[in-house]
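Subject: Handing over the two-chain model

Hello,

I am passing on the structure we talked about. Please have a look at it first, and then read my notes below.

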Amino acid sequence: MVRLLLLAVVAVLAIAAPFYFYSVTLMTVMCFVIFACSFNLLLGYTGLLCFGHAMFFGGGAYITGQILKATPISTELAILGGGAAAGLLGLVIGYLTMRRQGIQFAMITLAFSQFIYFIFLQAPFTGGEDGMQAIPRNDLFGFVDITSNSTLYYVVLAITALCVFVYYRVVHSPYGEVLKAVRDNQPRVESLGFDPEKIKLVAFIISASMAGVAGGMKAVVYQFATLTDASWPISGEVILMTLLGGLGTLVGPVFGAAGIILLNDYLAGFGEWALVSQGVILLVVIVFFRRGIVGELSALVRYLRRRNRTEAPAAQPAAATSGH
Amino acid sequence: MFEGISTQLLFGQVLLGLINGSFYAMLSMGLAIIFGLMSVVNFTHGAQYMLGAFIAWLLLNYLGIGYWPSLVLAPVLVAISGMVLERLLLRPLQGLDHLYGLLATYAVALIVEGLVRYKYGSTGLPYDNPMPGGINLGFMFLPYYRLWVVVFSLVTCVGTWLLIEHTKLGAYLRAANEKPQIVEAFGINVPKMMTLTYGFGVGLAGLSGVLAAPIYQVSPSMGSSLMIVVFAVVVIGGMGSIVGAAITGYMLGLVEGLTKVFYPEAASVVIFMFMIISLYLRPAGIFADKESV
C-alpha cells in the first residue's frame with residue numbers, strides 16, 4: 001500500500017517536473033538513470049565490474065543516430081535498434097570476456113571499450129572527432145511530432161519508466177535470484193546444475209542493451225552523438241553513480257545518476273574540479289559508506305525498526321524514534 | 001620484399017615501437033608485481049607514471065635539478081607517495097572485495113590528474129633532451145636518447161626479473177603471492193612486504209615517467225591513455241606472470257610500430273585485436289602457467 005502511494009507520488013512529481021526544472025537536464029538525468037540501472041544489474045546483482053560500459057552507451061547513441069539520419073524509421077524503433085546493436089556487441093564481448101574471472105574482467109572490458117572507441121573514431125559514419133551532428137527526431141510511431149522538448153520529455157519519461165520496470169522484473173524474477181546466487185557463491189550455483197557462465201552472459205547482454213537504449217535516448221534528446229559518450233570517463237561516471245546511489249539497491253541508481261548529473265552541471269564552469277570532486281566522492285563512498293545513499297538509508301530504517309520492535313514492549317518512548 | 005616502403009621508415013617505426021614497448025614493459029611489470037602480491041589492479045599506475053614525469057619537470061624548473069638526479073629522485077618520491085597511499089587507503093580495503101581496491105585507486109587517479117591539470121593546464125610541457133645528437137647507422141638515424149631509453153628499460157626489466165626470481169626477497173614475494181598466511185607464519189612481515197612491493201611497482205611507473213619526459217611532452221593525460229594499453233598488455237601476457245608482462249610489452253610495442261608502417265589505420269587498435277585473439281586462443285594468457293585466477 002505504502003509502495004503504491006510512493007509510486008503515485010513519484011509519478012506525479014515526474015509529470016510535473018518540467019514545469020519547474022529545465023527539461024533537458026531532467027531528460028539527461030533519466031538517460032543516466034537507465035544507464036546506471038543497467039550497470040547496477042551487472043555489478044550490484046551479478047558482481048561483474050564492467051569498466052567499459054560507455055562502449056554500449058556510445059554505441060547505442062551512434063546506431064540510433066545513424067538509423068534516424070539514414071531512414072525515416074520512427075524514433076522509438078531507432079532507440080530500440082540502438083539497444084539491440086549494443087546487446088549484440090555485448091554478446092560478442094561478453095562471450096570473449098567471460099573467459100577471465102574476477103577483477104580481470106574490469107581490465108578487459110576497459111580495453112575493449114577503448115578498442116570500440118578507436119573504431120568509432122575512424123568509422124566513416126560517426127563523424128570522427130566532430131561527432132554525429134543534426135540527428136533528426138523522427139515522428140513517434142510515425143505520426144506523433146516530438147520536435148519540442150516538452151513533448152519529448154514525456155516520451156523519455158515513458159521509456160525510462162518502462163526500462164526501470166524491466167530492470168525491476170529482471171531483478172525480482174527467478175532468474176534474478178539465480179543471478180544474485182552466482183554473485184555470492186558461484187561454485188554452489190554450478191553444483192545445483194546451473195551454468196553460471198551462461199547466466200552471467202545473459203545478464204551482460206541485458207545490461208548492454210539497456211545501456212544502448214540509454215545512449216540512443218541521449219542521442220535523440222541532444223540530437224547529436226559524440227565520442228565522449230563512448231569514452232572511458234563515462235564508464236567511470238556510471239560506476240560512481242551506481243556506487244553513490246547504492247550498489248545492488250533498486251532505486252540507488254536513480255539517486256546516484258541525478259546527484260552526479262546535477263553536480264556536473266553545477267561544476268561545469270569550474271573546469272577540472274568536476275574530475276577532482278568525482279574522485280573525492282568515489283573515495284568517500286568506498287572508504288566510509290560502501291552501501292551508498294540508498295543502502296545506508298535502508299540499513300538505518302531496518303536498524304530503527306528492529307530497535308523499535310525490541311524496545312516497544314518495554315518502553316513507550318521508543319515510538320518517538322520511529323518517525324526518523 | 002616490401003617494395004615501396006623505405007628502410008628509413010621501417011627502422012624508424014621499429015625503433016619507435018621498441019621505445020613504446022619499453023614503456024609498456026616497465027609499466028606492465030609494475031602492474032603485474034602489484035597484482036601478484038596484493039590482488040589490486042592499480043588504476044593509479046598511469047597517474048603515477050605521469051607524476052614521475054611531472055616531478056622531473058618540477059625539479060628542473062623550480063630547483064634546477066637536472067635529468068640524471070631526477071632519474072633517481074622522482075621515482076623515489078613517487079614510490080614514497082605510493083607507500084603512503086598503500087598504508088592509508090589500500091591496507092584498510094585489503095579484506096574486502098578486490099573491486100574496492102581497483103575503484104579506490106581509480107578515484108585517486110582522478111584526483112591526481114584533476115589537480116595537476118588544474119595547476120598546470122592540459123597542454124604538454126616540454127622537457128629538454130639530456131642527450132642531444134645521435135649516430136647515423138647508414139640505414140637510419142639513431143638518436144642517443146632513444147637508444148638510452150631502450151637499453152635502460154631492458155636493464156631495468158632484467159634487473160627486476162633477477163630480483164624476483166633469484167633473490168631471497170623475491171622468493172618471499174613469490175611465496176607470499178601463493179600462500180600469505182604460511183609465509184606470515186614463518187615470521188615474515190607480509191603487510192610490510194606489501195607496502196614495499198607497492199612502492200616498488202609504483203616506483204617503476206615513476207621511473208618510466210622520467211624516461212618518457214624528454215620523448216613525449218609532460219602532460220596530465222599522458223598516463224591515462226597509455227594505461228589502458230598497458231592493461232591490454234597485461235591481459236595478453238597473463239595477469240600473474242611478471243616476465244610475461246615484460247616480454248609481451250616489448251613484443252606488442254614492436255607489433256604496433258610495424259603496423260604503423262604496413263597498415264597505419266589499424267595502429268591504434270592492433271594491441272586490442274591481439275588481446276581479443278589471445279583471449280580466444282589462450283584464455284589464461286600467453287605466459288600464464290596456471291589457470292586464470
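**What I found**

Chain B has 11 helices and 2 strands, where helices (H or I, at least four residues) and strands (E, at least two) are DSSP runs numbered from the N terminus. Before going on, please note that this is a predicted model, in which local features need pLDDT of at least 70, side-chain atom pairs count only at pLDDT 80 or more, and totals for chains, interfaces and linings use all residues. Residues are numbered from 1 along each chain as its sequence is written, while chains are lettered from A and ligands numbered from 1 in the order in which they are written.

**Chain B as a whole**

Read from the N terminus, the elements of chain B follow the order α-α-α-α-β-β-α-α-α-α-α-α-α. Chain B has a radius of gyration of 19 Å, close to the 19 Å that the globule rule gives for 293 residues, so it is as compact as a globular protein of that length. That radius is taken over C-alpha atoms, and the rule is 2.2 Å times the number of residues to the power 0.38. The C-alpha trace of chain B spans about 65 × 50 × 35 Å along its principal axes.

Of the 293 residues of chain B, 49% are buried. A residue is buried if 20 or more other C-beta atoms lie within 10 Å of its own, exposed if 12 or fewer, and partly exposed in between, with C-beta atoms placed from the backbone. Among contacts (C-beta atoms, placed from the backbone, within 7 Å) in chain B between residues at least 6 apart in sequence, 77% join residues at least 24 apart.

**Where the chains meet**

The contact between the chains takes 31 residues from chain A and 34 residues from chain B. On the side of chain A that touches chain B, α5 (104-122), α10 (232-245) and α12 (273-287) each supply at least two residues. The largest share of that side, 11 residues, comes from α5(A).

The largest nonpolar core has 189 residues, and of these A:A111 and B:A232 touch the most other members. Such a core is a set of buried Ala, Val, Leu, Ile, Met, Phe, Trp, Tyr and Cys residues joined through C-beta atoms within 7 Å. Leaving out residues up to four places away in sequence, A:A111 touches B:I228, B:F231, B:A232, B:V235, B:F272 and B:M275.

Helix α11 (residues 270-281) of chain B has 12 residues and reaches 16 Å between its end C-alpha atoms, close to the 16 Å expected at 1.5 Å a residue; the expected span is 1.5 Å times one less than the number of residues. Its buried residues include B:F272 and B:M275. Their cover includes α4 (75-97) and α5 of chain A, together with α9 (222-237) and α10 (242-262) of chain B.

In chain A, helix α9 (residues 196-222) has 27 residues and should span 39 Å, which agrees with the 39 Å between its end C-alpha atoms. Of those 27 residues, 21 are buried. Just after α9(A), A:Q223 takes a positive phi of about 60 degrees.

A:A134 is not a glycine, yet has a positive phi of about 50 degrees. A:A134 counts as exposed, with 9 C-beta neighbours inside 10 Å. B:S39 also has a positive phi, near 55 degrees, and lies in the loop between α1 (7-38) and α2 (45-63) of chain B. B:S39 is partly exposed, with 16 other C-beta atoms within 10 Å.

Best wishes

Key. Two residues are in contact if their C-beta atoms, placed from the backbone, lie within 7 Å.
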